[in-house]
Amino acid sequence: MKNGDNKGIIILMGVIIIILVVLCVLFATNTITFNNSSIKNNTNNRLSNDNKSEDDEKNDLYVIKYEEETYATKNKDNIENTKSKRNIVTIESNNNPNAASLMENKLNDISNSQWEDIRKNADESYENPSTGLGVNYLIKTGVVTNNRLTFLISTEGSFGGVSWDSNEGYNFDATTGNLLKLDDIGDGVLDYIYNQSISQIEKDNNDSSCLEIDWKDKVKVELNKNGIWYFTTDGIKVIFPKYSIACGAGGSKIIDFNKSDINFYLDDKYKIK
């Protein structure tokens, strides 16, 4: 073989090697993709979007996360006697960050206030020789729709005396982030729930000696407070806390309002489907 031919082959091989190296770099950086892979990915994305339920779309509006915090104390014998727990909520939204921030701040303000009281009682248990004491104050996500978000808060435990057990509910407008009261969600809602509550409490309490003398006035006061009602999948639940309208022996009063009854009074955006 002639030297000229050898040089030609060497040059050709060099060009081929360079081309192969360039192609490898392009594939490694995803600059080049196979057409059939791109089509498959686009199809999968389209099918995924088509199969998304209405609830999936609703839940995509906000990302809600919880971070746990604990507080433990020891008694005078240097033995851990209380351990309490709460969670701190983080709410994020790319579409509505202001509303997310309002809801997050409100919930954590409520939690901070209660947590301060819990820690104070834990510190005051220094002289208590008992162990296994403490109170948990935990927030969890309730019903979430395009127009509203509900959060439930449970309190459980004690420091050796009266039980702290209770439940609360907080409802927010998904657009504004504002905390909702009963008279915010429809004309006549507050009056309807008040009248039905009076009727139900009277029906359930044959012996009214446990009820406060002015319990009907206190029902109205309670219904204007935050935390005593919340949306459920089937309607609205109202909780009158222990001692709020009756003696402690009467416990909490819980009244459920079915969506078939309450929807008549609710604004369209808050109706329960």
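**Burial, contacts and charge pairs**

Q: Why is Glu222 called buried?
A: The relative accessible area of Glu222 is 8%. Buried means under 20% relative accessible area, exposed over 50%, and partly exposed in between, as found with a 1.4 Å probe on protein chains only. Glu222 is therefore classed as buried. The model is predicted: local features require pLDDT of at least 70 and side-chain atom pairs pLDDT 80 or more, while totals for chains, interfaces and linings use all residues. Residues are numbered from 1 along each chain as its sequence is written, and side-chain values use heavy atoms, with hydrogens and water left out.

Q: Where in the fold does Glu222 lie, and which residues does Glu222 touch beyond four places in sequence?
A: Glu222 belongs to helix 6, residues 215-223; helices are DSSP runs of H or I with at least four residues, strands are runs of E with at least two, and both are numbered from the N terminus. With residues up to four places away in sequence set aside, Glu222 touches Ile228, Phe240, Pro241, Ser244 and Ile245. Contact here means heavy atoms within 4.5 Å.

Q: What makes the pair Lys225 and Glu222 a salt bridge?
A: The closest N and O atoms of the pair are 2.9 Å apart. A salt bridge is a side-chain nitrogen of Lys or Arg within 4 Å of a carboxyl oxygen of Asp or Glu, so the pair qualifies. In general, side chains of opposite charge can pair when their charged atoms come close. Lys225 counts as partly exposed because its relative accessibility is 41%, whereas Glu222 counts as buried at 8%.

Q: Which residues form a network of salt bridges?
A: Glu212, Asp214 and Lys218 are linked in this way. Lys218 and Glu212 meet through their side chains at 4.0 Å, N to O, and Lys218 also pairs with Asp214, with closest N and O atoms 3.9 Å apart. Over the whole structure, the search finds eight salt bridges.

Q: Why are Glu212, Lys218 and Asp214 called partly exposed?
A: Their relative accessibilities are 29% for Glu212, 28% for Lys218 and 36% for Asp214. Each value lies between the limits for buried and exposed, so each residue is partly exposed.

Q: Is Ser244 buried or exposed, and where does Ser244 lie?
A: Ser244 is buried because its relative accessible area is 12%. Its place is the loop between strand 7 (235-240) and strand 8 (253-258). Apart from neighbours within four places in sequence, Ser244 is in contact with Lys218 and Glu222. The backbone oxygen of Pro241 is 2.5 Å from a polar atom of the Ser244 side chain.

Q: What makes the meeting of the Glu168 and Tyr170 side chains a polar contact?
A: The two side chains come to 2.6 Å. A polar contact is a pair of N or O atoms within 3.5 Å; within protein, one must be able to donate a hydrogen and the other to accept it, and residues adjacent in sequence count only if both atoms are side-chain atoms. Glu168 is found in strand 5 and counts as buried because its relative accessibility is 17%. Leaving aside neighbours within four places, its contacts include Tyr137, Phe151, Thr155 and Gly227.

**The cavity**

Q: How many cavities of 30 Å³ or more does the structure hold, and what does the term mean?
A: There is one, and the largest cavity holds about 30 Å³ of space. On a 1 Å grid over the protein atoms alone, a cavity is a set of points where a 1.4 Å probe fits but cannot get out, and lining residues have an atom within 4 Å of a point. Grid points are joined across faces, edges and corners, and the volume is the space filled by probe spheres set on the points.

Q: Which element gives the most to the lining of the largest cavity?
A: Strand 5 (residues 166-173) does, with three residues. The lining includes Tyr170, Leu180, Lys225 and Trp229.

**The whole protein**

Q: How many helices and strands does the protein have, and what share of its residues is buried?
A: The protein has seven helices and eight strands. Buried residues account for 34% of its 273 residues.

Definitions and conventions:
1 Å grid on protein atoms, 1.4 Å probe; cavity = no way out; pocket = protein on both sides within 12 Å on 5 of 7 lines; lining within 4 Å.
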